[in-house]
Amino acid sequence: MDVTVDPTLYLWLNLVGVFVFGLSGGLAAVRARLDIFGVLVLAAVVGLAGGIVRDLLIGAPPATFRDSRYLAAVGAAGLVCFFFGPLVGRLQRGVLVFDAMGLAVFCVIGASKGLAYDLGPVQATLLGAITGIGGGMLRDVLLGEVPVVLRHELYATPALAGAAIVAVADAAGSTSDVWLGVGAAVCLVLRLIGLRYGINAPTPPAGRWRVPPRA
Amino acid sequence: MDVTVDPTLYLWLNLVGVFVFGLSGGLAAVRARLDIFGVLVLAAVVGLAGGIVRDLLIGAPPATFRDSRYLAAVGAAGLVCFFFGPLVGRLQRGVLVFDAMGLAVFCVIGASKGLAYDLGPVQATLLGAITGIGGGMLRDVLLGEVPVVLRHELYATPALAGAAIVAVADAAGSTSDVWLGVGAAVCLVLRLIGLRYGINAPTPPAGRWRVPPRA
Amino acid sequence: MDVTVDPTLYLWLNLVGVFVFGLSGGLAAVRARLDIFGVLVLAAVVGLAGGIVRDLLIGAPPATFRDSRYLAAVGAAGLVCFFFGPLVGRLQRGVLVFDAMGLAVFCVIGASKGLAYDLGPVQATLLGAITGIGGGMLRDVLLGEVPVVLRHELYATPALAGAAIVAVADAAGSTSDVWLGVGAAVCLVLRLIGLRYGINAPTPPAGRWRVPPRA
């Protein structure tokens, strides 16, 4: 199931995803009082790192780094955050919705690329989730924080669900690209529900606090 | 000296190593109060990242990510830690022994793979150590800590010793796979001695505290 | 514009750059009270990681890891810091000057290698900056700090300027290697000016503090 959706639509979806992810990175950098270079790097990291890690994992040359349009998208996102940080911050709920769209786009694209590189369905699902989540994880590590996706919120689950739909449809023999849309929609809806109702992924059962410290 | 040990034994050693490393990651995640996704990711990171970094460094496509059995091993380790974290924590000494076995397996496998990719003996030794240590380092970075292997304990030295034995035997012209076993045994014994007697790697001489802070 | 400067000069420049970057990493490790292994790893990370990330991004096998001479250079830097940390620390201004030389060498080499791998001028410029900056960023992440290059100082800008000169000269059709020297000189001068006068890269405009915290 190669990505044979309309190439222009595919490119624009990708660019929008990269841009809104870039906003998320740039905003975090402004909040952490980084300088102009830090804001641009964080925007680039969140927008591009998931795809770069994906490509390294399947042994493909990282594609986004070579494409000026993606670099321009994260650069624009970084500059917007640098100059209009407070404004973007006030539109935070809107940014979260856009971020959910980015997640939806990235998880199905990542899964699809994994299938094109002959990964099995489980691996392709994981690859899709990594594509969606990797940039945000690296953002948090660079800011000295434990990645928020590992601690709470419903962020990884929607990405896994969206990617799994693409992988299962492929395993079931479907060659229709409509599953890309279905996967993205499921991811988006789950993420928005999680945001709206403040749902977190489950934590270990209550006995966990009794884990003794590292010897 | 390609790895021509019995393939079934080789696979099982590897799977056990990945699983116990996964326990180490999952347990650290439960202790840091991560959610289910965080526990699974940390298990996967400790179990697989060392091998993935090794493969990236020698330009090989990351092998473990493609193999469902390794993914299943780290997934199982993560779930065990999520549901039985306190129990695993009480068995901590046992986990450390298993972790030492994982280290022993990974350092000789890493060195051996480096030699198969025409690395020199020094590089193969380093590659073996990276294979054994990389996952734990990334675990600590994701948890916002300075990697414990860089600070104290006798962890890197056993891995370097085990890997060096494989590399030196190869440089000396031996084609016997018995050196894989010797290297793993030396690594294991050194690590267990270090654990038993609380030996740390040396720190800089006492004058170090007079290093002025960064200008 | 392939690197056709005198190979011996090229090698020595590179080795000196790797060594002084290694000093920077080893010194940070001594200051953070890491053990001998931590000091050596930090020296290797700062000396080699920028080039390794560069090679991964362009799909080339990491070159420095295979070359014993580079490993020897970072090993020597680490040992010097381990045994003579306070001395190196007192020579800190001198180390910063050498570090600026390393930055100058790495940014033009990185850009030049990017051009040799058919990157566009913007990408080659970024690649040069990543080569110069990547090791220091990873050093700070391993020490649990937000990378200093993202927060203040004039460090990224000189690297971008030096790399850009190489990329623009190539785009303008010049095949003269003199631009490597010009780029390195511009980077070095800018960095030294920034150090001398304590210049920082600009931070977001004053309104930034009103960015609301993450929802």
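Two residues are in contact if their C-beta atoms, placed from the backbone, lie within 7 Å. This is a predicted model, in which local features need pLDDT of at least 70, side-chain atom pairs count only at pLDDT 80 or more, and totals for chains, interfaces and linings use all residues. Residues are numbered from 1 along each chain as its sequence is written, and chains are lettered from A and ligands numbered from 1 in the order in which they are written.

**Stop 1: Leu56(C)**

Select Leu56(C), which sits in helix α2 of chain C, residues 36-57. Helices are DSSP runs of H or I with at least four residues, numbered from the N terminus. Is Leu56(C) buried or exposed? Leu56(C) is buried, because 20 other C-beta atoms lie within 10 Å (buried means 20 or more, exposed 12 or fewer, and partly exposed in between, with C-beta atoms placed from the backbone). Now show what Leu56(C) touches: leaving out residues up to four places away in sequence, these are Leu56(A), Leu56(B) and Pro62(C).

**Stop 2: where chain B meets chain C**

Select chains B and C. Their contact takes 29 residues from chain B and 30 residues from chain C. On the chain B side, at least two residues each come from α2 (36-57), α5 (121-142) and α6 (148-151). That side holds 17 nonpolar, eight polar and four charged residues. Here Ala, Val, Leu, Ile, Met, Phe, Trp, Tyr, Cys and Pro count as nonpolar, Asp, Glu, Lys and Arg as charged, and the others, Gly among them, as polar.

**Stop 3: the axis**

**Stop 4: two helices of chain A**

Select α1 (residues 7-31) and α2 (residues 36-57) of chain A, which pack at an angle of about 140° with axes 7 Å apart. Axes are lines fitted to C-alpha atoms, for helices over the stretch in contact, and angles run from 0 to 180 degrees between N-to-C directions. α1(A) and α2(A) are therefore oblique to each other (under 35 degrees is roughly parallel, over 145 roughly antiparallel, 65 to 115 roughly perpendicular, and the rest oblique). Among the residues that meet are Val18(A) and Phe21(A) in α1(A), and Leu42(A) and Val46(A) in α2(A). The residues of this contact divide into eleven nonpolar, six polar and no charged.
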